[in-house]
Amino acid sequence: MSERYDPKQIEARWQRVWEEERAFAVPNPEPGEGDRSKAFVVEMLPYPSGELHMGHVLNYTIGDVICHVRRRRGFQVLRPMGYDAFGLPAENAAIREGTHPRESTERNIAAIRVQMRRMGWAIDWDRELSTADPAFYRWTQWLFLRFYERGLAYRKEAPVKWCPRDQTVLANEQVINGHCDRCGAEVEARSLTQWFFRITDYADVLLDEMETLESWPERVLTMQRNWIGRSPGARVLFRVDGSGEELPVFTTRPDTLFGATFFVLAPEHSLVGQLVAGSEQEDEVTSYVRHAGARTAVEREKKEKDGVFTGRYAVNPVNDERIPIWVADYVLMEYGSGAIMAVPAHDERDHAFAERYGLEIRTVVRPADGDEPEPGAFSAHTENEVLVNSGSFDGLPAPEAKRAITAWLAERGLGGETVGYRLRDWLLSRQRYWGCPIPIVHCERCGEVPVPDDQLPVVLPELEDFLPRGRSPLAAAEDWVATSCPSCGGAARRETDTMDTFVDSSWYFIRYTDPHNADGPFSRDVADFWLPVNQYIGGIEHAILHLLYARFFTKVMQEMGLVGFREPFARLFNQGMIHKDGAKMSKSKGNVVDPLMYSERYGADAVRTFVLFMGPADQDMEWQDSGVEGVWRFLNRLWRVVHEQAQKPAVAAPDTALARKAHATIAKVTDDIDRRFLFNTPIAAVMELVNEIGRAPDDPAARFATETAVSLIQPYAPHIAEELWGVLGGARLWQHPWPEADPALLERDVVEVVVQVNGKVRDRLHVAAAIPEEELVALARASERVRAHLNGGEPRKTIVVPGKLVNFVV
Ligand SMILES: [Zn+2]
Ligand SMILES: [Zn+2]
C-alpha cells in the first residue's frame, strides 16, 4: 500500500475494477418484482460535438452523488448514458472540422466515453445509446408514424423561421429574441411546406398537468406557462366591406371593441394579395410586403411602426362601422391569426401607428371615478373601469362588459368566447443531412404514404456532399430518393427533410429502460417500472424546448397505451453555470478550463469534488485554480489521517465529542444531499470532521470518525474513498450501506433550528444545542436560502428561540 496519495494510479485501478465487475449495471426487474424502491436518475445526454467541458462534469457529478447515496441506501439505481448524436450541433462541428458527421460523431463519442470513464462516473454502460444509431432511430421513425396515424404529425405550407447561416428552418422554440438558438444568426421569415407536430392540441393538458410537477423549479414552470401563453378572450368576426370574406381576430379586450378605429393585417396574411388585386394600392402594398418579408423579426420589432393602407375596409360587427384595413409588419403572423383590430386609445403600439398616420383615437374605457385616463397609460388597465362611447354598453364595468359583448357576439354568430394561446405547432422538419429521415414517401397517385413498419428503419444514406444549401442535401441522393410507393407500387420519392434532434431527445430516456429491444421502442412493463424519472438533471436552457417536447411525447405515448404515466420527469434539477474570470466559459474568450487537464494533474476525485464545492450547484459559480488545489490538499490530508488511524484497532465507538461530531456529520450530509439537494455543504462538513480528527487523533472515537469521513466522501471522490476503505480493512464501499446517524447521540448535542423570514420557513440548520445566540444568528443569515429572501437588506427585527427558531422580520 502506497504511503503517498497518487490519484493517477488508484483511479485507473478502481475504474478497471468497476468495469470488470460491471459494478453499476442494474438488471430490469423480473415480472411481479415491481415493488422494490427504485431510483432512475438521468442527466441530459451530451451532444457529441466536441469533448466534455466543465459544465458536463458538474452535471454528471451531481447525478453521480445522488446515485451513490441512493444505491447505498438500498435503492435499485438506474443511471444510464447516451449521446444526442443527430442534429445541428454534431453536424456543424463536423463542418467546422471538415469531416463527415458520422466520422466526427463517432470520434467524439469515443473520446467522451473515455472521459466519462476517467471521471469515474457510475454509469450502467450496458445501456449506452446513440440517437444516430439505426437501432435507435428506427423507433424514432416508428413513433413518428404513430403520431402521423393519429393526425398529430402533418405537413402544411406555413410561414416559418429560417436561419440563413444554418440554411434550415427552426422551431419557434429555437428562436431566441429573433436569433437562431444554435448559431446566433438573425432569423428570417419564409413560407415553406414543412412537417409539424400538433402540440397545440395539448396546450391545455401541458398547462394543467404542471400541477403535478411539484418538485420542478418554479422558474421552469413559469417559463413553460408563459410559453404556452393561455389567455381567455373573444373571437370577433370582422367582414371585408364589399366582399364575403371574413377576418377573424382574437382579442383579450372585447370590452374595447367600440374603440377599434382601424384594422391591421400582417404582411404575410393570405388575404393581402386578394384584397388589393387590380387596385390603385396594389403596387405600393406589394412592395411593402416584399420589404417586410426580408426583415427579421428583430428588425420588425425595433423599427418604427409603419404600414400601408389597402384601400379596403372592414366592418366592425358591434356597430357596423367601416374601418380602414392596413398592412403593417408590427403584426406578426405567428400570433393570433395575423390580423388585429386596432384600438389606439388602449394599446400602445396601435396608438403609435394611429398618431403617425392620423387615424382616429377613440377612448372607450375610463376610470369609474370619472377621472380622465392618463394619456398613454396603456398598461394601467384596471378592474374598476367603465365603458364609454360604446352604445348600449356604456356605463358597464369593464369585466362585465367583456362578458356582455362576447355574449352579444355569440348570439348573432359574430364571434364568441375563446381561449388564445401563444404556443404554435412544433415544426419538426429540417433541411439538413445529419438527422433522422422522415419515414414518408410521396406518390403522385396516392400522395403522402407512410413507410410500412416492417421497412423501418429508413436508413440515412451515406453522402459525400452534405453541406446545407437551403434544400435538404438528401434530395441529391437520387438512388435513395427514388423508391416505389408502398401503397400502389408505382414510382415514388422519399421525403428528403430530416427530423429536428429534439424529436430524438423527446423519448430517449424511456429507451434506456430497454435499450436492446428489437421488437418495439421499449416494453411497457419495464418502462412503467423505472419511469417517471426520479431525478432529471440538466441546464436551464432546456426549460422550454426539450422539457416541453418530452412532456408532450409522454402524454401522447400514454394515450397510445405505450406507457402508463403522464409526466416523464418527477423531479428536475437545473445546475448553474461555471464561469471563469467573471464570464461564461467559451473558446472565443479563451477562458475554458479542460477537465482532462485538471484530472491529469490533481486526479478526477479532486475535480469532481471541487465542481461541487464551488457553491450551491443550482447557481452560477466561479472556477478558481487555487480551489482545485485546496480540495486536492484536503484529499491528501484525508489520506494521511486514514493511514494513521488504520493502525488502531476497530472498536465500538465510545460516546465522545468526536463521536457525536461524526454522527452530526452523517445527519447533515445525508439530509443535505438527499432532501435539500445541496452538494457543497456536505463537503465542508466532512472537511470539518477530518480537521477534528486531526485535532484529537487519540480520541477513542477517532477511528470511527475516520471511517465515517471516508464513507461520506465516497459519492464525491469514489476512487480515493474506495482505496482508503481498503486501508481500513473494508471492501466495496460502493455497495456498503450508507451510514446512519445514531439519534441518541444526535439529540443531546445537535438540534434542528428552523430559520424563518417574515414567519415563513426558509431553511433548517443542524447546530450544536449549546451554540451561542450570535453565532446561531450569523449562521442563519449566511444561509443561501435565507439570503435570497432578505434581498440584501438588514432585518428590521430578529427573533431567536434558542434551540428552536430564528425569525428575521424584514
Ligand atoms: Zn442558425
Ligand atoms: Zn402510390
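Which residues is Lys38 in contact with, leaving aside its neighbours within four places in sequence? Select Lys38 together with Phe75, Gln76, Phe529, Trp530, Leu531, Pro532 and Asn534, which are the residues in contact with Lys38, contact meaning heavy atoms within 4.5 Å. Before going on, note that this is a predicted model, in which local features need pLDDT of at least 70 and side-chain atom pairs count only at pLDDT 80 or more, while totals for chains, interfaces and linings use all residues. Residues are numbered from 1 along each chain as its sequence is written, chains are lettered from A and ligands numbered from 1 in the order in which they are written, and side-chain values use heavy atoms, with hydrogens and water left out.

**Stop 1**

Lys38 is found in strand E1, where strands (E, at least two residues) and helices (H or I, at least four residues) are DSSP runs numbered from the N terminus. The residue is buried, with a relative accessible area of 15%; here buried means under 20% relative accessible area, exposed over 50%, and partly exposed in between, with a 1.4 Å probe and protein chains only.

Now widen the selection to the sheet, an open one of four strands in the order E2-E1-E26-E27 with parallel pairing, two strands being paired if DSSP finds at least two bridges between them. At its edges are strand E2 (76-78) and strand E27 (572-574), each of which pairs on one side only, and the twist from one strand to the next averages 15°. Inside the sheet, strand E1 (residues 38-43) runs parallel to strand E26 (residues 535-538) and is joined to it by three bridges; to see one pairing, select Val41, whose bridge partner in E26 is Gln535.

**Stop 2: the helix pair H2 and H19**

Next select helix H2 (residues 54-72) and helix H19 (residues 604-613), which pack at an angle of about 90° with their axes 9 Å apart. The axes are lines fitted to C-alpha atoms, for helices over the stretch in contact, and angles run from 0 to 180 degrees between N-to-C directions. H2 and H19 are therefore roughly perpendicular to each other, a description that covers 65 to 115 degrees, whereas angles under 35 degrees count as roughly parallel, over 145 as roughly antiparallel and the rest as oblique. Show the side chains of Met54, Val57, Leu58, Thr61, Ile62, Asp64 and Val65 in H2, which meet Val607, Arg608, Val611 and Leu612 in H19.

**Stop 3: the zinc ion (ligand 1)**

Which residues are the protein donors of the zinc ion (ligand 1)? They are Cys163 (SG), Asp166 (OD), Cys180 (SG) and Cys183 (SG), lying 2.2 to 2.3 Å from the ion, where donors are N, O and S atoms within 2.8 Å of the metal (3.2 Å for Na, K and Ca), and sites may look incomplete because water is not among the atoms. The four donor atoms subtend angles of 102 to 119°, which makes the arrangement tetrahedral; four donors count as such if all angles lie between 85 and 135 degrees. Along the sequence the donor residues are spaced C-x2-D-x13-C-x2-C. Cys163 in strand E5 (residues 153-163) and Cys183 in the loop between strand E8 (179-180) and strand E9 (188-197) link distant parts of the chain, 20 residues apart. Cys163 counts as buried at 0% relative accessibility, and Cys183 as partly exposed at 22%.

**Stop 4: the zinc ion (ligand 2)**

Move to the zinc ion (ligand 2), coordinated at 2.2 to 2.4 Å by Cys443 (SG), Cys446 (SG), Cys485 (SG) and Cys488 (SG). Its four donor atoms subtend angles of 107 to 113°, which makes this arrangement tetrahedral, and the donors follow the spacing C-x2-C-x38-C-x2-C along the chain. Cys443 lies in strand E21 (residues 440-443) and Cys488 in the loop between strand E23 (482-484) and strand E24 (491-494), so the pair ties together parts that are 45 residues apart in sequence. Cys443 is buried, with a relative accessible area of 7%, while Cys488 counts as partly exposed at 31%.

**Stop 5: strand E31 and its partners**

Finally, select strand E31 (residues 750-757), which is largely enclosed by the rest of the structure, because seven of its eight residues are buried. Eight bridges join E31 to strand E32 (residues 760-768) in an antiparallel pairing, with Val767 in E32 as the bridge partner of Val751. The two strands form a hairpin with two residues between them, and Asn758 in the turn has a positive phi of about 50°. E31 also pairs in the parallel sense with strand E34 (residues 805-809), over four bridges, and there Gln756 stands opposite Asn807.

Key
Tetrahedral: all angles 85-135°; square planar, octahedral: opposite > 155°, others 65-115°.
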